Amino acid sequence: MSRPTIKQIAEMSGVSIATVSRFINGTANISPSTGRKIAEAIQRLNYPLPETAVSPIQTSDAQSRLILVDIASMSNPCNVPIVQGIRDAAAIHGYHTLVNVQPVNVLTESSLLELISRVPLAGAIFCCTLDAPLFSRLYRTLPFVQCCEISEGQTQVSTVSINDTAAIRRIMDYLFSIKRDKIALLGVSDRYMYGRHRRQGYLEALQAHGVEPNPNWILTVP
């Protein structure tokens with residue numbers, strides 16, 4: 001039996017050969033529905049994937065009513081209502097949730113991928129930072145959305161977040177409106193998107209109100 005080809009995958013999924021190639025290499029900027037078609041064609045043809053891809057590529061389990069929710073920590077009080085909201089919304093639509101409390105990094109990536117490969121999932125919600133290589137692998141593995149911490153600039157999956165820069169500016173504008181002009185910022189490391197954006201909003205608000213930033217008033221916690 002001849003080895004399946006990228007051309008066959010392209011014909012079966014209705015896309016170009018170049019799109020299939022970029023999808024397999026994790027560089028395709030395509031819609032989730034197109035990605036699912038390519039993944040399904042790869043499965044049906046049993047196309048051998050490179051070692052850098054999750055093997056085999058998995059599409060969502062049509063029979064599963066289980067959604068994986070991954071959060072970095074339950075010690076952050078903000079995560080509790082987020083998880084509860086996800087559970088409530090999932091229940092309304094007849095789905096269950098599996099909460100995985102684990103920061104995603106080079107030390108935990110393999111265990112996360114093993115969990116996904118062993119548990120039949122309808123999809124996943126990631127409330128933590130995903131680096132570009134892992135994002136690409138997950139995108140080829142199952143449907144998912146990002147919540148809170150999102151991968152900036154990506155257009156492949158849906159996201160649920162807030163505009164932290166605008167939120168901090170509104171807070172600052174209110175404080176200035178009640179004659180407070182010595183305002184400190186207690187933030188987090190710039191490795192977190194919301195930390196960077198809140199600092200940006202803080203500095204923009206100071207500039208807008210003609211206040212020189214004081215480095216001693218900007219404190220960072222791990």
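Arg198 is partly exposed, with a relative accessible area of 34%; buried means under 20%, exposed over 50%, and partly exposed in between (1.4 Å probe, protein chains only). The model is predicted: local features need pLDDT of at least 70 and side-chain atom pairs pLDDT 80 or more, while totals for chains, interfaces and linings use all residues. Residues are numbered from 1 along each chain as its sequence is written, and side-chain values use heavy atoms, with hydrogens and water left out.

Salt bridges
- The whole structure has 4 salt bridges, each a side-chain nitrogen of Lys or Arg within 4 Å of a carboxyl oxygen of Asp or Glu.
- One of them joins Asp164 to Arg198, with the closest N and O atoms 3.0 Å apart.
- Asp164 is in helix α7 (residues 164–177) and Arg198 in helix α8 (residues 193–208), so this pair ties together parts 34 residues apart in sequence; helices (H or I, at least four residues) are DSSP runs, numbered from the N terminus.
- Asp164 is buried, at 4% relative accessible area.
- Arg169 and Glu204 also form a salt bridge (3.5 Å, N to O).
- Arg169 belongs to α7 and Glu204 to α8, so they tie together parts 35 residues apart in sequence.
- Glu109 and Arg137 meet in another salt bridge (3.2 Å, N to O).
- That pair links helix α5 (residues 109–118), which holds Glu109, to helix α6 (residues 132–139), which holds Arg137, 28 residues apart.

Helix α1
- In helix α1 (residues 6–13), the buried residues are Ile9, Ala10 and Ser13.
- Just after α1, Gly14 has a positive phi of about 75 degrees.

Methods. Helix = DSSP H or I, 4+ residues; strand = E, 2+ residues; numbered from the N terminus.
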